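Hi,

Here is the structure I promised to pass on. Have a look at it first, and then read my notes below.

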Amino acid sequence: MFLEIGNGRYPSLSTLPIHAIIPNMTTLPAIQTENLGRIYRIRGSKKEAARELVALRDVNLTVQPGELFGLLGPNGAGKTTLIKILTTLLSPSNGRALIAGLDVTQQPGQVRQLINMVSGGETSGYGLLTVRENLWMFAQFYGIPSAEANRRIRELLEIVGLSERINTKSSDLSTGLRQKMNIVRGFLTDPDILFLDEPTLGLDVGASRDVRQFIRRWMDEQPTRTLLLTTHYMVEADELCDRVAIINQGRVLACDTPANLKRNLQRDAIFRLEVSPPDEATVAALATLSGMRHFVRRDEEGTAVLEMILHEEAALAQVINTLTQSDIRILNLQKREPTLEDVFVDLVGHSMAEAEHENNPAV
Amino acid sequence: MNQNRTIYWRSFRMAAWLGWQIESNWTDPFLFAVYSFVKPLSGAAILVVMYSVITNGAFGSPVFPYIYLGNAFYQYVGAVMTGVSWAVIDDREHYKTLKYMYVAPISIPIYLLGRGVSRFITGSMSVIITILAGMWFLHVDIDVTAVHWPLFFLSLFIGVVMLAMMGLLLAGVTLLMARHVGFMGEAVAGALYLFSGAIFPLDVLPAWLRPIGYAMPLTYWLELLRRALIGSVADAFPTLSGYSSGQLLAILTALTLLFSAAGILVFRWCDYHAREQGMIDATTNY
């Protein structure tokens, strides 16, 4: 059986055997956190006193088996910290995390039988080994018979467009191809619960699209598979995830389906204005208009983009008045449907990019 | 129990395979063979030249084979002990795969011990080359028919296990350190060189330093290897001459068990705290 992905036709993965699922796995939540928190103690130099950085605060999440769950938030929001705890790499400071009912700190060995993880944006792997050897070795660590591992490797490399490089040393691969190899490493073991931390970070548009299609297909093939994906790309979360938790500064601010999250904003009027660069006084005046609910300014080449969530459409008149009084030219005006970015702005008060700067002031 | 055994075996087997791939594939086979010969011979040559200058070429003295064999077998310390602990740095800093090993259903201590196998093999090649060079060119008189082979292989085996477990202890400490940790294995091997009777008997040390040497299993291990190969060398120095080979073997075994227990406990403690501190995937971006 073949499936169409992008411009290619690929063999189906439906023949892959699935790991034995532990009893009650389908009735227990795949992932559950209870008041989960993590504090890092950071010391700049030996003379400085350690300061505390709260990476996660009282996170309560439940992900059911079969869900493709997204964690959406800017860099520094706590997404990777949460994945590290769930994959047994990091101990929580408070609360607890369960994978299929198993405590990640008390039963890490059993948890690891059920999971796998891929981090995006990195070039991990043994450069001296070929693509096949790297993947085969990890398959062996998971106890997959050699012949079966080789079959899966060939199939998965075909799907991600890396089959011609199967015998290339991984040090000779580009960053993007190496990342694809790592993505294959995650799926190769066919885990019951897969954690993908920013899987498309650093990939080009086409490769990102292929990866997203593959993720969706992998989930659709087997209803008990669970996937937790972190991203700061709105489109990725919107397109892929059954449910999304929006996270910022270690707190989960909202958790629902993308459609439900956006539905709350549908009664609001959302406009995008492209204007000549406004002065600070005009920006301040716009931000304090009575009909303005949220306002984000973004500078582009020679122009400025104003993203606005208004209480009602009538408030647009106030906006246009303010702009014309300040001799600001309106180049483009567009009313649009709410996006997850608008949901984030509505929850946090500013855009994801601004939140990212706030979380990582040195960046 | 069976599942644990399977996990231990596949962790060890694949780690040994990976270690060998890394150890042997960094260059082409010819250069690797040349390097394997030149490295141990250069190390031995430095010692031989120094000995020759200081003693006016007294190669007939029992001191020479004492030093030569001690130095030859000490290569295992650097190879096995730092081989096990270096895997943490290699995987965490260089290949950035340590976190994926931790997420996989394997036993990390067994994996690290497996990574030391390739260093044991290359270390053994170095030791054999050094001893053969000593026998053929420097009059290190080893009578192959008079060697106490059972004692030699038993001592060698116990000693390699002891070094691997000391490597595990170091690996644990390495997990908790991010910066400049690469020097630690060499520093420990260098320090133990002084206190193990590798190139001089413990009697040469000040009396207050000798207990360190007596507490080190390496001291008894090197003595046993020398005795097994050339009995007369051991008799030339009084330090451990009061002990029979059986007594030395018992002390070595007891100290190996002690250090193995310490290695396991320290690794567990460090592993727990590495998770607490978020050190499993911490890189220094060197």
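Contact, as I use the word here, means heavy atoms within 4.5 Å. On that basis, 31 residues of chain A touch 33 residues of chain B. Before going further: this is a predicted model, where local features need pLDDT of at least 70 and side-chain atom pairs count only at pLDDT 80 or more, while totals for chains, interfaces and linings use all residues. Residues are numbered from 1 along each chain as its sequence is written, chains are lettered from A and ligands numbered from 1 in the order in which they are written, and side-chain values use heavy atoms, with hydrogens and water left out.

Back to the two chains. Between them, chain A and chain B bury about 2,900 Å², with 62% of it on carbon and sulfur atoms (buried area is the accessible area, with a 1.4 Å probe, that two parts lose on being put together, summed over both). On the chain A side, A:Leu89, A:Tyr126 and A:Phe141 supply 26% of the area buried against chain B, more than any other three residues.

Next, some helix packing. Helices are DSSP runs of H or I with at least four residues, numbered from the N terminus. Axes are lines fitted to C-alpha atoms over the stretch in contact, and angles run from 0 to 180 degrees between N-to-C directions.

In chain B, helix H6 (residues 149-176) packs on helix H9 (residues 217-229) at about 160°, the axes being 9 Å apart. H6(B) and H9(B) are therefore roughly antiparallel (over 145 degrees).

In chain A, helix H5 (residues 175-188) and helix H6 (residues 205-221) have axes 12 Å apart, at an angle of about 5°. That makes H5(A) roughly parallel to H6(A) (under 35 degrees). A:Lys180, A:Ile183 and A:Phe187 of H5(A) meet A:Ala207, A:Val211, A:Phe214, A:Ile215 and A:Trp218 of H6(A).

B:Ser126 sits in helix H5 (residues 108-137) of chain B and, leaving aside neighbours within four places in sequence, contacts B:Ser36, B:Pro40 and B:Gln75.

Cheers

Definitions and conventions
Helix = DSSP H or I, 4+ residues; strand = E, 2+ residues; numbered from the N terminus. Parallel < 35°, antiparallel > 145°, perpendicular 65-115°, else oblique.
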